[in-house]
Amino acid sequence: MNTTNTGKMQYHFSILALLSIFFFFIWVGFADDNTVKFDENYVITWGNDHVLSLNQDTEIQLSMDKSSGAGFGSKLSYGTGFFNMRIKLPDKDSAGVVTAYYLTSKGNKHDELDFEFLGNREGKPISLQTNVFAGGVGNREQRVILWFDPSADFHNYRILWNQHQIVFYVDDIPIRVFKNNTNIGVGYPSQAMKIEASLWDGDSWATDGGQTKINWSMAPFKAHFQGFDISGCPKTDSNNNNNNNKDCFLPEHWWNSEKYWTLDSKQKTNFKNVRKKYMNYDYCSDRKRYPVPPPECLVNS
């Protein structure tokens, strides 16, 4: 073999080695996301004796029985972000049990973005309800039937929130889009919000409109949470001015880049598929509640 070919082989080997090292560190970076300890960014907010830390504080179990449920929340509030939590729901008969993961501000005219998992009898599908509050105005419920068993393993539940749109994701699939339509008078969340999660008694409404009750013989009910890293624009108490959130709209935050202003073509296809196959309630189609559909319904669909 001549020296020219040997040099080319060494060059190609060096490139491959560098690429391998590069992708290794990318992989390590993603792996580290799931090793962030709970108390780095979160605190228990209620039901302390119903909270269990697992796997060196990288997993939290909330439990619920007749005496109490439990919850936790972020230490800081955030003005925008791409928020993610890995959740495994209570198994078997979980009718009437609500597992919640959401963003919320405080006060009467609060903003809120909700994931609420509505338990069901064993073998029946779980409904995932989302809701959007802006300036204290909510009643924007949508529900989808999950197309997998959310109690069998962890799945990613994500909320993208920037100045252009709010998107709810199950793993990488968008299930709801709420666009910024303040130009037509529709409220849009703009207050800094904390991240919260809880397990609680929704017996009065969660399953079959409250007709199917909690089977307390199955207690304690247990939900598991992982992924305590936070991709958000923090607003500390000193700079948490809800009327001046513009610093959180800056393009230096990656979730504010143009890529996240709208769904791409693949996401749009997946979004339409979810709405067609799995949506079982949409406030926009509820003529008893809204004889005239709210204005955002025409542009968010």
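## Learning to read a predicted structure

User: Where does isoleucine 184 lie?

Analyst: Follow the chain from strand 12 (173–179) to strand 13 (194–201), and you will find isoleucine 184 in the loop between them.

User: Which residues form a nonpolar patch on the surface?

Analyst: Ile184, Leu298 and Val299 do, and together they have about 290 Å² of accessible area.

User: Now the rings, please. How many aromatic pairs does a search of the whole structure find?

Analyst: Here is the general idea: to describe a pair of aromatic rings, give the distance of the centres and the angle of the planes. In this structure the search finds 24 aromatic pairs. Take tryptophan 147 and phenylalanine 148: their ring centres are 5.6 Å apart and their planes stand at 85 degrees, so this pair is edge-to-face. Tryptophan 147 is partly exposed, because its relative accessibility is 30%, whereas phenylalanine 148, at 18%, counts as buried.

User: Why is the pair of tryptophan 200 and tryptophan 205 called tilted?

Analyst: The planes of tryptophan 200 and tryptophan 205 are at 35 degrees, with the ring centres 6.2 Å apart, so the pair is tilted. Tryptophan 200 is partly exposed at 24% relative accessibility, and tryptophan 205 is partly exposed too, with 28%.

User: Which residues form one aromatic cluster?

Analyst: Look for Phe38, Tyr42, Phe72, Phe225 and Phe228, which form one cluster.

User: How should I read salt bridges?

Analyst: The general idea is that side chains of opposite charge can pair when their charged atoms come close. The count here comes to 8 salt bridges. One of them joins glutamate 296 and arginine 140, whose closest N and O atoms are 2.9 Å apart. Glutamate 296 is in the loop between strand 16 (279–282) and helix 4 (297–300), and arginine 140 is in the loop between strand 8 and strand 9, so the pair ties together parts that are 156 residues apart in sequence. Both partners are buried: glutamate 296 has a relative accessible area of 3% and arginine 140 has 7%.

User: What does glutamate 141 meet in a salt bridge?

Analyst: The partner is arginine 289, with an N to O distance of 2.9 Å. Glutamate 141 lies in the loop between strand 8 and strand 9 and arginine 289 in the loop between strand 16 and helix 4, so this pair ties together parts 148 residues apart in sequence. Glutamate 141 is buried at 14% relative accessible area, while arginine 289 is partly exposed at 34%.

User: With which side chain does glutamine 142 make a polar contact?

Analyst: With that of aspartate 282, at 3.2 Å. Glutamine 142 sits in strand 9 (residues 142–145) and is buried, with a relative accessibility of 8%.

User: What about the backbone? Which residues does a cis peptide bond join?

Analyst: Alanine 219 and proline 220, with omega at about 0 degrees. Proline 220 lies in the loop between strand 13 and strand 14 (221–226).

User: And what is phi of aspartate 57?

Analyst: Phi is near 70 degrees there, a positive value in a residue other than glycine. Aspartate 57 lies in the loop between strand 2 (51–54) and strand 3 (59–64). Asparagine 139 also has a positive phi, near 55 degrees, and lies in the loop between strand 8 (127–133) and strand 9. Aspartate 57 is partly exposed at 30% relative accessibility, and asparagine 139 is partly exposed at 43%.

Methods
Residues numbered from 1 in each chain as written. Predicted model: local features only at pLDDT ≥ 70, side-chain atom pairs only at ≥ 80, totals over all residues. Heavy atoms only, no water. Patch = residues over 30% accessible without salt bridge, like charges linked within 9 Å, V, L, I, M, F, W, Y side chains within 5 Å. Areas by Shrake-Rupley, 256 points an atom, 1.4 Å probe, with all protein chains shown as cover. Salt bridge = Lys/Arg side-chain N within 4 Å of Asp/Glu carboxyl O. Helix = DSSP H or I, 4+ residues; strand = E, 2+ residues; numbered from the N terminus. Phe/Tyr/Trp six-rings, centres within 6.5 Å; stacked < 30°, edge-to-face > 60°. Buried < 20%, exposed > 50% of the residue type's maximum accessible area, 1.4 Å probe, protein only. Polar contact = N/O pair within 3.5 Å; in protein donor to acceptor, adjacent residues only side chain to side chain.
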